[in-house]
Amino acid sequence: MYALLAMHFAILVEGDYPVDSGEIFMPIVAGACLDHWSGTDGYKVLFRVDDCWVDYGYNLAKSNERKTNRDFAPEERNESKLAKGKRVPE
């Protein structure tokens, strides 16, 4: 749990985001998971929740990347064969 928290703050520092607000969400989730499920089951649930958040963030970033790349440089993307939803002949 502390390693994930350290990674979170390292990413914030590298991206020049403010870190003085602190993290309040994950300790609450961790406490709820570890209180409800005892032992290793609680940690398994906690890491599954963390994994879901990572997947959600990755998919959100990729979606945002596709939207911004579509507007600026479609010829540089792998999806350049698609033009406004229609297939371009090769």
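Phe47 is partly exposed, at a relative accessible area of 42%. Partly exposed lies between buried (under 20% relative accessible area) and exposed (over 50%), using a 1.4 Å probe and protein chains only. Tyr43 falls in this class too, with 40% relative accessibility.

This is a predicted model: local features need pLDDT of at least 70, side-chain atom pairs count only at pLDDT 80 or more, and totals for chains, interfaces and linings use all residues. Residues are numbered from 1 along each chain as its sequence is written, and side-chain values use heavy atoms, leaving out hydrogens and water.

## Ring pairs

There are 3 aromatic pairs in the structure. One of them joins Tyr43 and Phe47: it is tilted, 6.3 Å centre to centre, with 35° between the planes. Rings of Phe, Tyr and Trp (its six-membered ring) pair if their centres lie within 6.5 Å; planes under 30 degrees apart count as stacked, over 60 as edge-to-face, and the rest as tilted. Tyr43 and Phe47 sit 4 residues apart in helix α3 (residues 40-72), so about one helical turn separates them.

Trp53 and Tyr56 pair edge-to-face, at 6.0 Å centre to centre and 85° between the planes. Both lie in helix α3, 3 residues apart, about one turn of the helix. Trp53 is partly exposed at 46% relative accessibility. Phe25, Trp53 and Tyr56 form one aromatic cluster.

## Confidence

Mean pLDDT (the predictor's confidence in each residue, from 0 to 100) is 77 for the chain, and 71% of its residues reach 70 or more. Helices (H or I, at least four residues) and strands (E, at least two) are DSSP runs, numbered from the N terminus. Where pLDDT is low, predicted coordinates should not be read in detail.
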